[in-house]
Amino acid sequence: RYEQREDFAVVVQPFFRNTLLPLDSNGKPDLSFFAADCFHFSEKGYAEMAMALWNNMMEPVGEKQTYNNFTYDRSKLKCPNAEKPFLSTRRNSGFSNSASILGKTEPSVPYWAVIVAAIAGILVGSL
């Protein structure tokens with residue numbers, strides 16, 4: 001819906017999709033990343049999530065990290081540079097033609113085929 005916009009972008013940040021529970025040196029869950037209720041993050045956990053989110057925003061679309069390794073290492077922060085002084089979006093990640101392609105494609109299934117399939121499904125189901 002926002003592909004045609006020059007001044008706005010929506011980008012999914014998948015940094016938490018495949019994240020595993022952080023473990024301590026004994027192989028047990030590292031509770032220092034969690035608050036007393038063991039459900040919410042502690043200050044350390046929120047700092048780790050903030051670093052992962054920031055890094056995801058710096059990574060180009062299609063190359064975003066989908067996990068967080070909970071190393072709590074501030075040196076792993078990715079920073080803008082002269083070549084890429086911006087947050088990554090589809091357009092500036094090399095998908096600039098996607099907006100024009102999306103606007104000009106024809107539907108792959110004609111609308112009448114959906115209606116026919118729905119009616120046939122109802123008839124078969126009622127038999």
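The structure is a predicted model. Of the 127 residues in the protein, 22% are buried. The secondary structure consists of 3 helices and 0 strands, and the order of elements from the N terminus is α-α-α. Among the contacts in the protein with a separation of 6 or more, 56% are formed by residues 24 or more positions apart.

Helix α3 spans residues 111-126 and includes W112. With 16 residues, α3 extends 23 Å from its first C-alpha to its last, a value close to the 22 Å expected at 1.5 Å a residue. This helix is hardly covered, as the number of buried residues among its 16 residues is 0. W112 is classed as exposed because its relative accessibility of 52% exceeds the cut-off of 50%. W112 also takes part in a nonpolar surface patch of about 700 Å², to which Y111, I115, V116, I119 and L123 contribute as well.

A backbone feature was identified in another part of the chain. C38 is located in the segment before α1, the helix of residues 43-58. The phi angle of C38 is positive, at about 60°, although this residue is not a glycine. In general, most residues other than glycine have a negative phi.

Notes. Residues numbered from 1 in each chain as written. Predicted model: local features only at pLDDT ≥ 70, side-chain atom pairs only at ≥ 80, totals over all residues. Heavy atoms only, no water. Patch = residues over 30% accessible without salt bridge, like charges linked within 9 Å, V, L, I, M, F, W, Y side chains within 5 Å. Areas by Shrake-Rupley, 256 points an atom, 1.4 Å probe, with all protein chains shown as cover. Salt bridge = Lys/Arg side-chain N within 4 Å of Asp/Glu carboxyl O. Helix = DSSP H or I, 4+ residues; strand = E, 2+ residues; numbered from the N terminus. Buried < 20%, exposed > 50% of the residue type's maximum accessible area, 1.4 Å probe, protein only. Expected span 1.5 Å × (residues − 1). Contact = heavy atoms within 4.5 Å.
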